[in-house]
Amino acid sequence: MENIYDLAILGAGPAGICAAIYATRAKLNTIWLDKKFVQGGQIVDTYEVDNYPGLPGITGLDLGEAMAGHAAKLGMKPQRETVRSIEAEQGIKVIRTKKNEYRARAVIIACGATHRHLGIPGEEELSGMGVSYCATCDAAFFQDRTVVVVGGGNVAVEDAILLSRTCKKVYLVHRRDELRAEKILQESLFACKNVELIWDSIPLSIEGMDKVEALKIRNKKTQEESFIETDGVFIAVGIVPGTEKFKDLVKLDEAGYIVAGEDGITSEPGIFAAGDIRTKNLRQVVTAVADGANAVASAQRYLLDK
């Protein structure tokens, strides 16, 4: 007889890991799928997590490993597969991957989000050759060099601060005349002597043959175009929810996030959303793990009513 799971969890960021922990403790027959080798989602790319209760100053990688280790201690590890689609068939959810097909009575989508690209010439061509979306991952390659960070939010400012510790010079290019980052981060940034802010400017292209050599920018107010000579361009302009493959399954908001409240309940019965992939005001590790717990609680209620 074909195995039908109680619950399928898609994604192994903080929301997915927490969901796996709660599902295991609830004795639900669970299948857990994730496409990455390392669990933890976006936090593994974060140099320092200073606002997770009880663990001040922990690195993102260490926090991700600790969370994944907790799940593993309970006997839960994700199977490394990329989900291609979910379909509802007579109350059963069919999850199709490149290799397999799984069936479950309920599904928690916790696939998170990915880095937004600028979409300018040179970005894709020089990706990995000076273009990066993860300062934590790649900062070591730019020691004593000049780099540019593009963005004005928390991540961009955190990246600039991190890079300032090892780089000779850091430029922060922002399209507005003020940053969107939290004030405490801005204060830390302004204290960095080797960081220069380039206001009211947008990137036009990333120049270079086999490696990044310069960033071409335009000042929005003067329309003047110029080049910043640099060894690397770190792009931190937001994230895109990983909902493209679910757009015909559940309702999305205008920004592409799955419409779901704190209970994780979506427009499709038996489908729940947790973490950065759903509509919410605050996308932080602490809210993601709460989502994972809430989604499992909602899934349990759904399964009891079936």
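Predicted model: local features only at pLDDT ≥ 70, side-chain atom pairs only at ≥ 80, totals over all residues.
1. Overall make-up. The secondary structure of the chain consists of six helices and 17 strands. The chain is as compact as a globular protein of its length, because its radius of gyration of 21 Å is close to the 19 Å that the globule rule gives for 306 residues. Along the principal axes, the C-alpha atoms occupy a box of roughly 65 × 40 × 35 Å.

2. Of the 306 residues in the chain, 51% count as buried. When contacts between residues at least 6 apart in sequence are considered, 56% of them join residues at least 24 apart.

3. Helix H4. This helix spans residues 154–164, and eight of its 11 residues are buried, so helix H4 is largely enclosed by the rest of the structure. The buried positions are Ala-156, Val-157, Asp-159, Ala-160, Ile-161, Leu-162, Leu-163 and Ser-164.

4. Which elements cover the buried residues of H4? The cover includes two helices, H3 (135–138) and H5 (183–190). Strands also contribute, among them S9 (146–150), S10 (169–173), S11 (195–198) and S15 (232–235).

5. Glu-123, a buried acidic residue. Glu-123 is located in the loop that runs between strand S7 (113–115) and strand S8 (131–132). Although Glu-123 is buried, it has no salt bridge. The nearest side chain of opposite charge belongs to Arg-116 and is 10 Å away, whereas a salt bridge calls for a side-chain nitrogen of Lys or Arg within 4 Å of a carboxyl oxygen.

6. What Glu-123 meets instead. The side chain of Glu-123 reaches the backbone nitrogen of Gly-119 at 2.6 Å. Leaving aside residues up to four places away in sequence, Glu-123 touches His-117, Leu-118, Val-131, Tyr-133, Ile-206 and Ile-235.

7. Cysteines. How many disulfides does the structure hold? The structure holds zero disulfides. Cys-18 takes part in none, and the nearest cysteine sulfur to it, that of Cys-111, is 16 Å away. Likewise, Cys-111 is in no disulfide, and the nearest cysteine sulfur to Cys-111 is that of Cys-18, at 16 Å. A disulfide would require the two sulfur atoms to be within 2.5 Å.

8. Exposure of the two cysteines. Cys-111, by contrast, is partly exposed, with a relative accessible area of 35%.

Notes
Residues numbered from 1 in each chain as written. Heavy atoms only, no water. Buried < 20%, exposed > 50% of the residue type's maximum accessible area, 1.4 Å probe, protein only. Helix = DSSP H or I, 4+ residues; strand = E, 2+ residues; numbered from the N terminus. Lys, Arg positive; Asp, Glu negative; His and termini not counted. Polar contact = N/O pair within 3.5 Å; in protein donor to acceptor, adjacent residues only side chain to side chain. Contact = heavy atoms within 4.5 Å. Rg over C-alpha atoms; globule rule 2.2 N^0.38 Å.
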